[in-house]
Amino acid sequence: MPDFDLLIRGAQPFPEIGIAEGKIVLLSGGSSRKEIDATGLHIFSGVIDSHVHFNEPGRTDWEGIETGSRALAAGGGTLFFDMPLNAHPPTCDAESFDLKLAAAQKKSVTDFAFWGGLVPGNADKLEELAARGVIGFKAFMSNSGIEDFSCVDDTTLREGMKRAAKLNLPVAVHAESETLTSKLARESIAAGKTSIRDYLDSRPVAAELDAIRRAIDLAGETGCALHIVHVSSGTGVAMVAAAKKSGVDVTCETCPHYLVLTEDDMAKLGAVAKCAPPLRPAAVQEDLWQHIIAGGVTTIGSDHSPSPPELKTAQNFFKVWGGISGVQHTLPLLLTEWSAGLRPGPLEISVNSAVPCRRPALQSISDLLSSNVARRFQIPNKGKIAVGFDADLALVDLKQSFTVAKEDLLYRHQQSPYVGRTLTGRVVQTILRGKTIFKDGKITATDGGKLIKPKR
Ligand SMILES: [Zn+2]
């Protein structure tokens, strides 16, 4: 008699994984009628991307949940957290949540969770969003670039944090100083300085540090859990780590683009590599890596934020839509760094533990992309290869290299700064709750994903 619905055999570092009813039930022994021979492959917990903008409903001409979730699955991903913007309406109340949910239930090939928005005037909506099951609340401390999602002043952020703390949900912030960035941008444009270099100069690391400092102060005062998204500098990470040490419940995220691209790449690649905070000089990037290795970063998210190509063509670089398409390649990008020997040796990871523990690099990558995300955002039974956890898995050939080609991008618009880049570590198969959703370059999902809520 078979013990399981599916047995994955031969993968490292778990040569036997038994799956029944979508869950991992055993990590050795047993037999099954259905087996996957994964000899020579490495098995990871499915990537949980806690930061994407799939823009549905309202802006499916920018991306959409169907194309976005398929691209995620092709990159070994099994769960995404969609940001409240640039959907229209943005996810700032129960009604807009329901609209997004209906779209995702119809179209997502992976599981999904939603961030609620925290904007001026919606403090009274946070409770209904929490009841619907949002993962937390996202606020912008500087102009979001989109009209229907205003940035918060400190008073709004403080009030939102107080309420979020009561609801036992985190607040995530885009941390850049509005005062500094808007003034520098205005002065630059007024002086006719609108090149890529001028844009870079208008968003200095200091703007990021100023906002992080204020957000941490407010989190400390209100007792709210705070997550700083897309930190672009080691100094920013260091501020978070110091605050955490002093007892503030704060963590941070960075993104692959800050780790593999520099401001020189932005100058070369142009609009496709525009983001905010912007890409940084090589020395800042190296410092960021050192802080990851020291355990200061909790999660890595793609901040996938596409737009139609028409929004990427302005001569004035300030007017170009900012946002990088990358949800399909987070795992291979990080694996490439590791396999190239660029990041040798163990990383030190200290999430939720007083004493940093040394882990092999591959495990650290998996922590940053899966288990830390699940733990930080209170998602039970996901993010780890362990008995009782959802069988969300990615089989990867660590030896295989490939060059990112436009035609292979499953996005609505085939643009990404990673096109032409050779990566090592190809995702061969992605499994969601025991069912294959991507295999050998093709989406094979039949059932679709489901809404994942935090256990708060
Ligand atoms: Zn974002």
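Let us begin with Ile 228 and its surroundings. Leaving aside neighbours within four places in sequence, Ile 228 is in contact with Val 173, Ala 175, Ile 212, Ala 215, Val 240, Val 250, Thr 251, Cys 252 and Glu 253, where contact means heavy atoms within 4.5 Å. Please keep in mind that this is a predicted model, in which local features need pLDDT of at least 70, side-chain atom pairs count only at pLDDT 80 or more, and totals for chains, interfaces and linings use all residues. Residues are numbered from 1 along each chain as its sequence is written, and side-chain values use heavy atoms, with hydrogens and water left out.

Ile 228 belongs to the largest nonpolar core, which has 99 residues. Such a core is a set of buried Ala, Val, Leu, Ile, Met, Phe, Trp, Tyr and Cys residues joined through side-chain atoms within 4.5 Å. Buried here means under 20% relative accessible area, exposed means over 50%, and partly exposed lies in between, for a 1.4 Å probe and protein chains only. The residues with the most contacts inside this core are Phe 137, Leu 157, Val 173 and Ile 228. Helix 7, residues 205-222, supplies the largest share of the core, namely seven residues. A second, separate core of 22 residues includes Leu 79, Ile 135, Phe 140 and Phe 149.

I turn to the sheets. Helices (H or I, at least four residues) and strands (E, at least two) are DSSP runs, numbered from the N terminus, and two strands pair if DSSP finds at least two bridges between them. Six strands form an open sheet in the order 9-10-11-12-13-14, with parallel pairing. Strand 9 (116-117) and strand 14 stand at the edges with a single partner strand each, so one side of each is left without a neighbour in the sheet. Within this sheet, strand 11 (residues 171-174) and strand 12 (residues 226-228) pair in the parallel sense over three bridges, and Ala 172 stands opposite His 227 in strand 12. Helix 4 packs on the sheet, touching strand 10 (137-140), strand 11 and strand 12, and its direction makes about 155° with that of strand 11. Helix 7 also packs on the sheet, touching strand 11, strand 12 and strand 13 (250-254), at about 170° to the direction of strand 12. For these angles, axes are lines fitted to C-alpha atoms, for helices over the stretch in contact, and values run from 0 to 180 degrees between N-to-C directions.

An open sheet of five strands has the order 5-17-18-19-20, with antiparallel pairing. Its edge strands are strand 5 and strand 20 (442-443), each pairing on one side only. Four bridges join strand 5 to strand 17 (residues 393-403), and Phe 44 has Ala 394 as its bridge partner in strand 17. Are the two faces of strand 5 covered or uncovered? Both are covered: His 42 and Phe 44 on one side, and Ile 43 and Ser 45 on the other, are all buried. Strand 17 and strand 18 (residues 422-432) pair over eight bridges. Helix 1 lies across strand 18, strand 19 (435-439) and strand 20, at about 90° to strand 19, whereas helix 13 lies across strand 5 and strand 17, at about 30° to strand 5.

Next, the metal site. Which protein atoms are the donors of the zinc ion? They are His 51 (NE2), His 53 (NE2) and Asp 303 (OD), lying 2.1 to 2.2 Å from the ion. Donors are N, O and S atoms within 2.8 Å of the metal (3.2 Å for Na, K and Ca), and water is not among the atoms, so sites may look incomplete. His 53 lies in the loop between strand 6 (47-52) and helix 1 (65-74), and Asp 303 in the loop between strand 14 (299-300) and helix 12 (330-339), so the pair ties together parts that are 250 residues apart in sequence. His 53 is buried at 4% relative accessible area, and Asp 303 is buried at 11%.

Finally, the structure holds 23 salt bridges, each a side-chain nitrogen of Lys or Arg within 4 Å of a carboxyl oxygen of Asp or Glu. Lys 382 forms one with Asp 111, the closest N and O atoms being 2.9 Å apart. Lys 382 is in the loop between helix 13 (361-376) and strand 17, and Asp 111 is in strand 8 (residues 111-114), 271 residues away. Both residues are buried. They are part of a salt-bridge network that links Lys 23, Asp 111, Lys 382, Asp 390, Asp 392 and Arg 433.
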